[in-house]
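These are my notebook entries on one structure. I record what I looked up, entry by entry.

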Amino acid sequence: MSKEMEVDAKELAIVIMAAGKGTRLKSRRPKVLHEIGGKPLLAHVIAAAEHIVPAAHIFAVVGHQAERVRAAVAATGVQFVEQTEQRGTGHAIQCAADAIKDYENTLVLSGDVPLIQTETLEKLWKFHQMQHAAMTILTAAPEDPTGYGRVLRAGPESAEVTAIVEQRDLKAEHGDLDGLREINSGIYVFRTKTLLEHLPRLTANNSAGELYLTDMAALLRASGERVVAIEAPDAVEILGANTIAEIVALDQTLRMATAKRLMAEGVTIFRPETCVIDADVQIAPDTVIEPFVQLLGKTVIGSECRIRSYSVLENCVLGDAVLVRQSCVMVESKVASGAQIGPFSRLREGTELGENVHVGNFVETKNAVLGKGTKANHLAYIGDAEVGGGTNIGAGVITANYDGVRKSKTKIGSKVFVGSDSILVAPISVGDGALIGAGSTITRDVPADALAVGRARQVTKEGWAASKRMRQEQEKG
Ligand code: UD1
Ligand code: CA
(Lines give C-alpha, C1' and ligand atoms only; values in the text may rest on other atoms or scores of the structure.)
(Ligands and ions follow the chains in the order given, each with its own letter.)
Protein backbone atom coordinates (compact mmCIF):
# COMPACT_ATOMS: atom_id res chain seq x y z
CA MET A 1 0.00 0.00 0.00
CA SER A 2 1.43 3.39 -0.93
CA LYS A 3 1.84 6.05 1.75
CA GLU A 4 -0.92 8.48 0.70
CA MET A 5 -3.27 5.61 0.16
CA GLU A 6 -3.30 4.24 3.68
CA VAL A 7 -6.95 3.80 4.43
CA ASP A 8 -8.80 2.47 7.42
CA ALA A 9 -9.56 -1.22 7.15
CA LYS A 10 -13.26 -0.54 6.61
CA GLU A 11 -12.96 2.53 4.44
CA LEU A 12 -12.62 0.83 1.09
CA ALA A 13 -13.47 -2.58 -0.32
CA ILE A 14 -12.55 -3.64 -3.84
CA VAL A 15 -14.82 -5.89 -5.87
CA ILE A 16 -13.45 -7.43 -9.05
CA MET A 17 -16.14 -8.72 -11.42
CA ALA A 18 -14.77 -11.94 -12.88
CA ALA A 19 -17.71 -14.32 -13.17
CA GLY A 20 -18.53 -13.89 -16.86
CA LYS A 21 -18.03 -16.60 -19.45
CA GLY A 22 -16.59 -14.41 -22.16
CA THR A 23 -18.89 -15.68 -24.90
CA ARG A 24 -17.25 -13.45 -27.50
CA LEU A 25 -13.91 -15.28 -27.02
CA LYS A 26 -15.33 -18.62 -28.23
CA SER A 27 -12.96 -20.31 -25.82
CA ARG A 28 -13.31 -23.04 -23.20
CA ARG A 29 -10.99 -21.11 -20.91
CA PRO A 30 -12.78 -18.51 -18.77
CA LYS A 31 -12.12 -15.00 -20.07
CA VAL A 32 -10.31 -13.70 -17.00
CA LEU A 33 -7.81 -16.58 -17.24
CA HIS A 34 -6.71 -15.66 -20.75
CA GLU A 35 -3.18 -14.32 -20.51
CA ILE A 36 -1.37 -11.16 -21.42
CA GLY A 37 2.28 -10.58 -20.57
CA GLY A 38 2.46 -14.19 -19.40
CA LYS A 39 -0.21 -14.05 -16.71
CA PRO A 40 -4.00 -14.13 -16.48
CA LEU A 41 -6.03 -10.94 -17.03
CA LEU A 42 -7.43 -11.32 -13.52
CA ALA A 43 -3.92 -11.52 -11.99
CA HIS A 44 -3.10 -8.13 -13.50
CA VAL A 45 -6.25 -6.58 -12.04
CA ILE A 46 -5.54 -8.11 -8.62
CA ALA A 47 -1.97 -6.75 -8.73
CA ALA A 48 -3.28 -3.21 -9.32
CA ALA A 49 -5.91 -3.65 -6.57
CA GLU A 50 -3.35 -4.91 -4.05
CA HIS A 51 -1.56 -1.58 -4.24
CA ILE A 52 -4.72 0.12 -2.97
CA VAL A 53 -5.91 -2.24 -0.20
CA PRO A 54 -4.58 -5.53 1.25
CA ALA A 55 -5.86 -8.77 -0.28
CA ALA A 56 -8.22 -9.36 2.66
CA HIS A 57 -10.35 -6.44 1.42
CA ILE A 58 -10.42 -7.54 -2.22
CA PHE A 59 -13.41 -9.63 -3.32
CA ALA A 60 -13.34 -11.39 -6.66
CA VAL A 61 -16.78 -12.32 -7.97
CA VAL A 62 -16.43 -15.74 -9.61
CA GLY A 63 -19.04 -17.85 -11.37
CA HIS A 64 -18.29 -19.39 -14.74
CA GLN A 65 -15.74 -22.18 -14.01
CA ALA A 66 -15.38 -20.66 -10.56
CA GLU A 67 -13.09 -23.41 -9.24
CA ARG A 68 -10.63 -22.95 -12.05
CA VAL A 69 -10.59 -19.18 -11.62
CA ARG A 70 -10.16 -19.46 -7.84
CA ALA A 71 -7.31 -21.94 -8.18
CA ALA A 72 -5.48 -19.70 -10.64
CA VAL A 73 -5.34 -16.71 -8.29
CA ALA A 74 -5.72 -18.32 -4.83
CA ALA A 75 -2.08 -17.60 -3.99
CA THR A 76 -2.79 -13.85 -3.96
CA GLY A 77 -4.96 -14.27 -0.84
CA VAL A 78 -7.96 -12.36 -2.23
CA GLN A 79 -11.47 -13.26 -1.07
CA PHE A 80 -14.07 -14.86 -3.34
CA VAL A 81 -17.78 -14.30 -3.80
CA GLU A 82 -19.90 -16.71 -5.85
CA GLN A 83 -22.24 -15.61 -8.61
CA THR A 84 -23.63 -18.97 -9.67
CA GLU A 85 -25.79 -17.59 -12.43
CA GLN A 86 -24.36 -14.71 -14.46
CA ARG A 87 -27.20 -12.26 -14.80
CA GLY A 88 -25.12 -9.17 -15.52
CA THR A 89 -22.67 -6.79 -13.87
CA GLY A 90 -25.36 -5.36 -11.58
CA HIS A 91 -26.19 -8.87 -10.41
CA ALA A 92 -22.47 -9.54 -9.81
CA ILE A 93 -22.40 -6.65 -7.33
CA GLN A 94 -25.67 -7.80 -5.75
CA CYS A 95 -23.91 -11.11 -5.04
CA ALA A 96 -21.10 -9.18 -3.30
CA ALA A 97 -23.50 -7.10 -1.18
CA ASP A 98 -22.86 -9.05 2.00
CA ALA A 99 -19.09 -8.91 1.59
CA ILE A 100 -18.97 -5.11 1.18
CA LYS A 101 -21.72 -3.96 3.55
CA ASP A 102 -19.34 -2.90 6.34
CA TYR A 103 -17.15 -0.78 4.08
CA GLU A 104 -17.84 2.92 3.57
CA ASN A 105 -16.88 2.81 -0.09
CA THR A 106 -16.51 0.17 -2.77
CA LEU A 107 -14.19 0.31 -5.74
CA VAL A 108 -15.50 -1.90 -8.53
CA LEU A 109 -13.03 -3.25 -11.09
CA SER A 110 -13.62 -5.41 -14.16
CA GLY A 111 -11.60 -8.61 -14.42
CA ASP A 112 -11.23 -8.04 -18.15
CA VAL A 113 -9.74 -4.52 -17.99
CA PRO A 114 -6.15 -5.53 -17.13
CA LEU A 115 -3.98 -2.54 -18.02
CA ILE A 116 -5.43 -0.30 -15.34
CA GLN A 117 -2.69 1.45 -13.35
CA THR A 118 -2.62 1.90 -9.59
CA GLU A 119 -2.00 5.66 -9.96
CA THR A 120 -5.20 6.02 -11.97
CA LEU A 121 -7.18 4.12 -9.33
CA GLU A 122 -5.70 6.40 -6.68
CA LYS A 123 -6.80 9.45 -8.68
CA LEU A 124 -10.30 8.03 -9.08
CA TRP A 125 -10.55 7.28 -5.36
CA LYS A 126 -9.37 10.78 -4.39
CA PHE A 127 -11.76 12.39 -6.86
CA HIS A 128 -14.64 10.36 -5.45
CA GLN A 129 -13.83 11.58 -1.93
CA MET A 130 -13.41 15.21 -3.00
CA GLN A 131 -16.68 15.16 -4.92
CA HIS A 132 -18.65 13.53 -2.08
CA ALA A 133 -20.27 11.47 -4.79
CA ALA A 134 -22.48 8.42 -4.51
CA MET A 135 -20.93 7.04 -7.70
CA THR A 136 -17.74 8.05 -9.48
CA ILE A 137 -17.10 6.61 -12.93
CA LEU A 138 -13.71 6.24 -14.57
CA THR A 139 -14.06 7.14 -18.24
CA ALA A 140 -11.86 7.46 -21.30
CA ALA A 141 -12.00 8.69 -24.87
CA PRO A 142 -10.31 5.99 -26.97
CA GLU A 143 -9.89 6.39 -30.72
CA ASP A 144 -12.47 3.68 -31.34
CA PRO A 145 -15.28 3.63 -28.76
CA THR A 146 -17.18 0.83 -30.52
CA GLY A 147 -18.81 -1.65 -28.17
CA TYR A 148 -18.35 0.29 -24.94
CA GLY A 149 -21.02 1.91 -22.82
CA ARG A 150 -21.23 5.70 -23.36
CA VAL A 151 -21.20 8.19 -20.52
CA LEU A 152 -23.69 11.02 -20.80
CA ARG A 153 -22.61 14.16 -18.94
CA ALA A 154 -25.00 16.74 -17.49
CA GLY A 155 -23.26 19.43 -19.54
CA PRO A 156 -20.15 19.93 -21.70
CA GLU A 157 -17.89 21.00 -18.81
CA SER A 158 -19.76 19.21 -16.06
CA ALA A 159 -18.30 16.55 -13.77
CA GLU A 160 -21.81 15.21 -13.32
CA VAL A 161 -23.21 12.27 -15.22
CA THR A 162 -26.85 11.67 -16.08
CA ALA A 163 -26.58 8.11 -17.40
CA ILE A 164 -24.44 5.37 -18.91
CA VAL A 165 -25.95 3.82 -22.02
CA GLU A 166 -24.70 0.56 -23.51
CA GLN A 167 -23.89 0.88 -27.21
CA ARG A 168 -26.56 -1.67 -28.14
CA ASP A 169 -29.17 0.31 -26.19
CA LEU A 170 -28.31 3.71 -27.68
CA LYS A 171 -31.25 5.49 -29.21
CA ALA A 172 -31.69 8.66 -31.24
CA GLU A 173 -32.75 10.51 -28.10
CA HIS A 174 -29.22 10.08 -26.72
CA GLY A 175 -27.89 12.21 -29.55
CA ASP A 176 -25.46 11.69 -32.39
CA LEU A 177 -23.38 8.51 -31.87
CA ASP A 178 -20.26 10.24 -33.25
CA GLY A 179 -20.65 12.88 -30.58
CA LEU A 180 -20.73 10.29 -27.79
CA ARG A 181 -17.08 9.45 -27.52
CA GLU A 182 -16.63 9.24 -23.76
CA ILE A 183 -16.81 5.62 -22.72
CA ASN A 184 -17.40 3.78 -19.46
CA SER A 185 -14.29 1.89 -18.32
CA GLY A 186 -16.25 -0.56 -16.16
CA ILE A 187 -14.40 0.85 -13.13
CA TYR A 188 -16.28 2.85 -10.48
CA VAL A 189 -16.28 3.90 -6.85
CA PHE A 190 -19.55 3.82 -4.92
CA ARG A 191 -20.61 5.02 -1.49
CA THR A 192 -21.47 1.51 -0.29
CA LYS A 193 -24.55 2.37 1.75
CA THR A 194 -26.17 4.26 -1.12
CA LEU A 195 -25.19 1.56 -3.59
CA LEU A 196 -26.75 -1.19 -1.48
CA GLU A 197 -29.94 0.81 -0.95
CA HIS A 198 -30.48 1.24 -4.68
CA LEU A 199 -29.03 -2.04 -6.06
CA PRO A 200 -32.30 -3.99 -5.68
CA ARG A 201 -34.01 -1.48 -7.98
CA LEU A 202 -32.05 -2.63 -11.09
CA THR A 203 -34.20 -4.24 -13.76
CA ALA A 204 -33.30 -6.37 -16.76
CA ASN A 205 -35.24 -4.03 -18.98
CA ASN A 206 -32.64 -3.81 -21.78
CA SER A 207 -31.53 -5.49 -24.99
CA ALA A 208 -29.36 -8.07 -23.17
CA GLY A 209 -31.97 -8.89 -20.53
CA GLU A 210 -29.31 -8.46 -17.83
CA LEU A 211 -28.98 -6.41 -14.67
CA TYR A 212 -26.59 -3.65 -15.74
CA LEU A 213 -24.44 -2.06 -13.04
CA THR A 214 -24.22 0.89 -15.42
CA ASP A 215 -27.92 1.63 -14.81
CA MET A 216 -26.96 2.72 -11.30
CA ALA A 217 -25.82 6.05 -12.75
CA ALA A 218 -29.31 7.12 -13.90
CA LEU A 219 -31.01 5.48 -10.90
CA LEU A 220 -28.86 7.32 -8.37
CA ARG A 221 -29.13 10.61 -10.21
CA ALA A 222 -32.93 10.30 -10.32
CA SER A 223 -32.85 9.86 -6.53
CA GLY A 224 -30.95 13.12 -6.18
CA GLU A 225 -27.57 11.47 -5.56
CA ARG A 226 -24.36 12.89 -7.00
CA VAL A 227 -22.89 10.87 -9.89
CA VAL A 228 -19.63 12.13 -11.38
CA ALA A 229 -16.99 11.00 -13.85
CA ILE A 230 -13.25 11.46 -14.26
CA GLU A 231 -11.32 10.69 -17.41
CA ALA A 232 -8.32 8.35 -17.27
CA PRO A 233 -5.02 9.99 -18.30
CA ASP A 234 -4.42 7.35 -20.99
CA ALA A 235 -7.24 5.55 -22.80
CA VAL A 236 -4.98 2.51 -23.24
CA GLU A 237 -5.37 1.67 -19.54
CA ILE A 238 -9.06 1.06 -19.78
CA LEU A 239 -9.15 -1.06 -22.92
CA GLY A 240 -11.24 -4.16 -22.34
CA ALA A 241 -10.60 -7.67 -23.58
CA ASN A 242 -13.69 -9.21 -25.13
CA THR A 243 -12.24 -11.05 -28.14
CA ILE A 244 -9.02 -13.00 -28.81
CA ALA A 245 -7.89 -10.20 -31.12
CA GLU A 246 -8.38 -7.65 -28.33
CA ILE A 247 -6.46 -9.84 -25.87
CA VAL A 248 -3.56 -10.22 -28.30
CA ALA A 249 -3.55 -6.45 -28.86
CA LEU A 250 -3.46 -5.84 -25.09
CA ASP A 251 -0.62 -8.36 -24.79
CA GLN A 252 1.36 -6.47 -27.40
CA THR A 253 0.69 -3.13 -25.70
CA LEU A 254 1.72 -4.50 -22.32
CA ARG A 255 4.91 -6.14 -23.63
CA MET A 256 5.95 -2.98 -25.42
CA ALA A 257 5.34 -1.04 -22.20
CA THR A 258 7.47 -3.57 -20.30
CA ALA A 259 10.27 -3.27 -22.87
CA LYS A 260 10.10 0.54 -22.72
CA ARG A 261 10.24 0.49 -18.91
CA LEU A 262 13.30 -1.78 -19.00
CA MET A 263 15.00 0.40 -21.60
CA ALA A 264 14.32 3.48 -19.45
CA GLU A 265 16.10 1.60 -16.66
CA GLY A 266 19.22 1.09 -18.79
CA VAL A 267 18.60 -2.24 -20.52
CA THR A 268 19.27 -2.41 -24.27
CA ILE A 269 16.64 -4.36 -26.18
CA PHE A 270 17.31 -4.51 -29.91
CA ARG A 271 14.16 -4.81 -32.02
CA PRO A 272 11.91 -4.98 -28.94
CA GLU A 273 8.89 -5.74 -31.12
CA THR A 274 10.40 -9.19 -31.82
CA CYS A 275 11.02 -10.06 -28.17
CA VAL A 276 8.55 -11.68 -25.77
CA ILE A 277 9.18 -10.30 -22.29
CA ASP A 278 6.69 -11.21 -19.56
CA ALA A 279 5.38 -8.54 -17.20
CA ASP A 280 7.26 -9.75 -14.09
CA VAL A 281 10.72 -10.11 -15.68
CA GLN A 282 13.50 -8.08 -14.05
CA ILE A 283 16.68 -7.00 -15.81
CA ALA A 284 19.54 -4.89 -14.44
CA PRO A 285 21.11 -2.02 -16.44
CA ASP A 286 23.71 -2.59 -19.16
CA THR A 287 22.35 -5.94 -20.15
CA VAL A 288 21.73 -6.42 -23.86
CA ILE A 289 18.81 -8.41 -25.23
CA GLU A 290 19.11 -9.33 -28.89
CA PRO A 291 16.17 -9.73 -31.30
CA PHE A 292 13.79 -12.69 -31.00
CA VAL A 293 14.56 -13.48 -27.37
CA GLN A 294 11.85 -14.75 -25.00
CA LEU A 295 12.14 -13.95 -21.29
CA LEU A 296 9.30 -15.61 -19.44
CA GLY A 297 7.76 -15.95 -16.00
CA LYS A 298 9.76 -14.56 -13.12
CA THR A 299 13.11 -14.49 -14.89
CA VAL A 300 15.68 -12.20 -13.26
CA ILE A 301 18.79 -11.10 -15.15
CA GLY A 302 21.76 -9.20 -13.69
CA SER A 303 23.76 -6.41 -15.29
CA GLU A 304 26.14 -6.59 -18.26
CA CYS A 305 24.65 -9.84 -19.51
CA ARG A 306 24.03 -10.54 -23.14
CA ILE A 307 21.17 -12.73 -24.26
CA ARG A 308 21.66 -13.57 -27.89
CA SER A 309 18.95 -14.21 -30.45
CA TYR A 310 16.43 -17.08 -30.27
CA SER A 311 17.13 -17.98 -26.65
CA VAL A 312 14.16 -18.73 -24.41
CA LEU A 313 14.52 -18.32 -20.63
CA GLU A 314 11.68 -19.25 -18.30
CA ASN A 315 11.86 -18.62 -14.54
CA CYS A 316 15.65 -18.36 -14.61
CA VAL A 317 17.91 -16.29 -12.38
CA LEU A 318 21.14 -15.00 -13.92
CA GLY A 319 23.96 -13.13 -12.16
CA ASP A 320 26.03 -10.42 -13.84
CA ALA A 321 28.01 -10.65 -17.07
CA VAL A 322 26.43 -13.91 -18.15
CA LEU A 323 26.60 -14.66 -21.86
CA VAL A 324 23.77 -16.73 -23.28
CA ARG A 325 24.61 -17.44 -26.91
CA GLN A 326 22.08 -18.13 -29.64
CA SER A 327 19.23 -20.61 -29.36
CA CYS A 328 19.49 -21.75 -25.74
CA VAL A 329 16.46 -23.12 -23.92
CA MET A 330 16.64 -22.57 -20.18
CA VAL A 331 13.99 -23.40 -17.60
CA GLU A 332 14.08 -22.92 -13.83
CA SER A 333 17.82 -22.62 -13.73
CA LYS A 334 20.24 -20.47 -11.74
CA VAL A 335 23.33 -19.12 -13.40
CA ALA A 336 26.08 -17.30 -11.48
CA SER A 337 28.05 -14.34 -12.78
CA GLY A 338 30.45 -14.74 -15.67
CA ALA A 339 28.99 -18.01 -16.95
CA GLN A 340 28.82 -18.67 -20.68
CA ILE A 341 26.12 -20.80 -22.20
CA GLY A 342 25.39 -22.06 -25.69
CA PRO A 343 24.85 -21.85 -28.51
CA PHE A 344 22.15 -24.55 -28.46
CA SER A 345 22.35 -25.52 -24.79
CA ARG A 346 19.38 -26.88 -22.90
CA LEU A 347 19.27 -26.12 -19.18
CA ARG A 348 16.38 -27.89 -17.55
CA GLU A 349 14.81 -27.46 -14.11
CA GLY A 350 17.16 -27.54 -11.15
CA THR A 351 20.29 -26.56 -13.02
CA GLU A 352 22.71 -24.42 -11.01
CA LEU A 353 25.80 -23.12 -12.74
CA GLY A 354 28.55 -21.56 -10.59
CA GLU A 355 30.65 -18.55 -11.52
CA ASN A 356 32.39 -18.68 -14.88
CA VAL A 357 31.00 -22.08 -15.78
CA HIS A 358 30.96 -22.81 -19.50
CA VAL A 359 28.22 -24.96 -20.95
CA GLY A 360 28.46 -25.35 -24.70
CA ASN A 361 26.55 -26.58 -27.69
CA PHE A 362 24.20 -29.53 -27.39
CA VAL A 363 24.77 -29.90 -23.68
CA GLU A 364 21.70 -30.83 -21.64
CA THR A 365 21.59 -30.38 -17.88
CA LYS A 366 18.88 -31.26 -15.35
CA ASN A 367 19.05 -31.14 -11.52
CA ALA A 368 22.72 -30.49 -11.94
CA VAL A 369 24.99 -28.29 -9.86
CA LEU A 370 28.22 -27.30 -11.60
CA GLY A 371 30.91 -25.62 -9.46
CA LYS A 372 32.90 -22.50 -10.27
CA GLY A 373 34.83 -22.61 -13.51
CA THR A 374 33.69 -26.08 -14.57
CA LYS A 375 33.35 -26.63 -18.32
CA ALA A 376 31.13 -28.89 -20.34
CA ASN A 377 31.60 -27.51 -23.78
CA HIS A 378 30.17 -30.07 -26.19
CA LEU A 379 27.44 -32.68 -26.51
CA ALA A 380 26.95 -33.87 -22.94
CA TYR A 381 24.07 -34.95 -20.69
CA ILE A 382 24.51 -34.03 -17.05
CA GLY A 383 21.47 -35.04 -15.01
CA ASP A 384 21.00 -35.53 -11.24
CA ALA A 385 24.61 -34.58 -10.79
CA GLU A 386 26.81 -32.60 -8.46
CA VAL A 387 30.03 -31.42 -10.01
CA GLY A 388 32.80 -29.54 -8.19
CA GLY A 389 34.74 -26.56 -9.48
CA GLY A 390 37.42 -26.48 -12.17
CA THR A 391 36.33 -29.80 -13.62
CA ASN A 392 36.41 -30.53 -17.32
CA ILE A 393 33.67 -32.62 -18.81
CA GLY A 394 34.66 -33.81 -22.26
CA ALA A 395 32.60 -33.99 -25.41
CA GLY A 396 29.90 -36.64 -25.38
CA VAL A 397 30.01 -37.42 -21.65
CA ILE A 398 26.81 -38.89 -20.26
CA THR A 399 25.62 -39.40 -16.71
CA ALA A 400 23.50 -42.54 -16.97
CA ASN A 401 21.10 -41.53 -14.22
CA TYR A 402 18.12 -43.76 -15.02
CA ASP A 403 17.93 -47.55 -14.84
CA GLY A 404 14.38 -47.71 -16.09
CA VAL A 405 12.93 -47.47 -12.59
CA ARG A 406 14.98 -45.12 -10.43
CA LYS A 407 16.97 -41.94 -10.93
CA SER A 408 20.42 -42.07 -9.30
CA LYS A 409 22.95 -39.44 -8.53
CA THR A 410 26.39 -38.77 -9.98
CA LYS A 411 28.98 -36.98 -7.89
CA ILE A 412 32.04 -35.58 -9.57
CA GLY A 413 34.63 -33.73 -7.49
CA SER A 414 36.70 -30.66 -8.27
CA LYS A 415 39.46 -30.51 -10.88
CA VAL A 416 38.36 -33.79 -12.36
CA PHE A 417 39.02 -34.53 -16.00
CA VAL A 418 36.29 -36.65 -17.55
CA GLY A 419 37.54 -37.83 -20.95
CA SER A 420 35.34 -37.54 -23.99
CA ASP A 421 32.55 -40.00 -24.64
CA SER A 422 32.61 -41.43 -21.13
CA ILE A 423 29.53 -42.88 -19.50
CA LEU A 424 29.19 -42.51 -15.73
CA VAL A 425 26.68 -45.13 -14.58
CA ALA A 426 24.94 -43.70 -11.50
CA PRO A 427 24.93 -43.99 -8.54
CA ILE A 428 28.57 -43.18 -8.76
CA SER A 429 31.15 -40.84 -7.35
CA VAL A 430 34.41 -39.57 -8.77
CA GLY A 431 36.88 -38.01 -6.30
CA ASP A 432 38.70 -34.69 -6.66
CA GLY A 433 41.52 -34.55 -9.16
CA ALA A 434 40.66 -37.90 -10.75
CA LEU A 435 41.15 -38.55 -14.44
CA ILE A 436 38.83 -40.67 -16.53
CA GLY A 437 40.13 -41.97 -19.82
CA ALA A 438 38.19 -41.12 -22.95
CA GLY A 439 35.52 -43.61 -23.96
CA SER A 440 35.24 -45.16 -20.49
CA THR A 441 32.15 -46.75 -19.05
CA ILE A 442 32.54 -46.10 -15.34
CA THR A 443 30.46 -48.31 -13.05
CA ARG A 444 32.47 -48.18 -9.83
CA ASP A 445 33.48 -45.18 -7.69
CA VAL A 446 36.77 -43.54 -8.59
CA PRO A 447 38.93 -42.29 -5.69
CA ALA A 448 40.53 -38.84 -5.67
CA ASP A 449 43.54 -38.36 -7.94
CA ALA A 450 43.14 -41.82 -9.52
CA LEU A 451 43.13 -42.71 -13.20
CA ALA A 452 40.16 -44.81 -14.28
CA VAL A 453 39.93 -46.33 -17.72
CA GLY A 454 36.93 -48.49 -18.45
CA ARG A 455 37.27 -49.58 -22.06
CA ALA A 456 38.63 -52.57 -23.95
CA ARG A 457 42.38 -52.46 -24.46
CA GLN A 458 43.31 -51.53 -28.01
CA VAL A 459 44.44 -54.33 -30.31
CA THR A 460 46.65 -53.40 -33.29
CA LYS A 461 47.49 -55.93 -36.01
CA GLU A 462 50.20 -54.66 -38.36
CA GLY A 463 49.40 -55.11 -42.06
CA TRP A 464 46.05 -56.82 -41.37
CA ALA A 465 43.94 -54.35 -43.37
CA ALA A 466 46.23 -54.52 -46.39
CA SER A 467 46.18 -58.31 -46.52
CA LYS A 468 42.38 -58.36 -46.23
CA ARG A 469 42.10 -56.00 -49.19
CA MET A 470 44.41 -58.22 -51.21
CA ARG A 471 42.31 -61.36 -50.44
CA GLN A 472 39.12 -59.57 -51.48
CA GLU A 473 40.63 -58.48 -54.81
CA GLN A 474 41.74 -62.02 -55.55
CA GLU A 475 38.23 -63.38 -54.83
CA LYS A 476 36.69 -60.86 -57.28
CA GLY A 477 39.10 -62.25 -59.89
C1 UD1 B 1 -19.13 -3.42 -19.50
C2 UD1 B 1 -20.04 -2.21 -19.24
C3 UD1 B 1 -19.76 -1.17 -20.32
C4 UD1 B 1 -18.30 -0.79 -20.31
C5 UD1 B 1 -17.41 -2.03 -20.44
C6 UD1 B 1 -15.98 -1.64 -20.19
C7 UD1 B 1 -22.09 -3.11 -18.26
C8 UD1 B 1 -23.52 -3.42 -18.48
N9 UD1 B 1 -21.42 -2.61 -19.30
O10 UD1 B 1 -19.52 -3.98 -20.74
O11 UD1 B 1 -20.52 -0.01 -20.08
O12 UD1 B 1 -18.02 0.12 -21.36
O13 UD1 B 1 -17.78 -3.02 -19.47
O14 UD1 B 1 -15.09 -2.71 -20.38
O15 UD1 B 1 -21.60 -3.29 -17.15
N16 UD1 B 1 -19.31 -10.14 -15.15
C17 UD1 B 1 -19.67 -10.83 -14.01
N18 UD1 B 1 -20.94 -11.30 -13.90
C19 UD1 B 1 -21.87 -11.12 -14.87
C20 UD1 B 1 -21.51 -10.41 -16.03
C21 UD1 B 1 -20.22 -9.93 -16.15
O22 UD1 B 1 -18.85 -11.00 -13.10
O23 UD1 B 1 -23.00 -11.57 -14.68
C24 UD1 B 1 -17.93 -9.64 -15.28
C25 UD1 B 1 -17.22 -10.18 -16.51
O26 UD1 B 1 -16.51 -11.37 -16.18
C27 UD1 B 1 -16.26 -9.05 -16.87
C28 UD1 B 1 -16.96 -7.80 -16.34
O29 UD1 B 1 -17.95 -8.25 -15.45
O30 UD1 B 1 -15.02 -9.19 -16.23
C31 UD1 B 1 -17.62 -6.99 -17.45
O32 UD1 B 1 -18.56 -7.79 -18.14
P33 UD1 B 1 -18.67 -7.79 -19.72
O34 UD1 B 1 -19.73 -8.74 -20.12
O35 UD1 B 1 -17.35 -7.95 -20.34
O36 UD1 B 1 -19.21 -6.30 -19.97
P37 UD1 B 1 -19.03 -5.41 -21.27
O38 UD1 B 1 -19.99 -5.84 -22.30
O39 UD1 B 1 -17.61 -5.34 -21.66
CA1 CA C 1 -15.80 -6.45 -21.09
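Is Phe417 buried, partly exposed or exposed? I find Phe417 partly exposed because its relative accessibility is 42%; buried means under 20% relative accessible area, exposed over 50%, and partly exposed in between (1.4 Å probe, protein chains only).

Before going on, I note that this is a predicted model, in which local features need pLDDT of at least 70 and side-chain atom pairs count only at pLDDT 80 or more, while totals for chains, interfaces and linings use all residues. Residues are numbered from 1 along each chain as its sequence is written, chains are lettered from A and ligands numbered from 1 in the order in which they are written, and side-chain values use heavy atoms, without hydrogens and water.

Entry on the patch. I placed Phe417 in strand β34 (residues 417-418); strands are DSSP runs of E with at least two residues, helices runs of H or I with at least four, numbered from the N terminus. Together with Leu435, Leu451 and Val453, Phe417 makes a nonpolar surface patch of about 380 Å². Such a patch takes residues with over 30% relative accessible area and no salt bridge, nonpolar side chains (Val, Leu, Ile, Met, Phe, Trp, Tyr) being joined within 5 Å and like charges within 9 Å. The areas come from the Shrake-Rupley method with a 1.4 Å probe, and for residues only the protein chains shown count as cover.

Entry on the calcium ion. I found Asp112 (OD) and Asn242 (OD1) coordinating ligand 2, the calcium ion, at 2.2 to 2.6 Å. Asp112 is in the loop between β6 (105-110) and α5 (118-131) and Asn242 in the loop between β11 (227-231) and α8 (244-264), so the pair ties together parts 130 residues apart in sequence. Both Asp112 and Asn242 are buried. Donors are N, O and S atoms within 2.8 Å of the metal (3.2 Å for Na, K and Ca); water is not among the atoms, so sites may look incomplete.

Entry on salt bridges. I counted a side-chain nitrogen of Lys or Arg within 4 Å of a carboxyl oxygen of Asp or Glu, and the whole structure holds 23 salt bridges. In one of them, Lys39 pairs with Asp280, with the closest N and O atoms 3.3 Å apart. Lys39 lies in strand β3 (residues 39-40) and Asp280 in the loop between β13 (276-277) and β14 (282-283), so the pair ties together parts 241 residues apart in sequence. Lys39 is buried because its relative accessible area is 18%, whereas Asp280, at 28%, is partly exposed.
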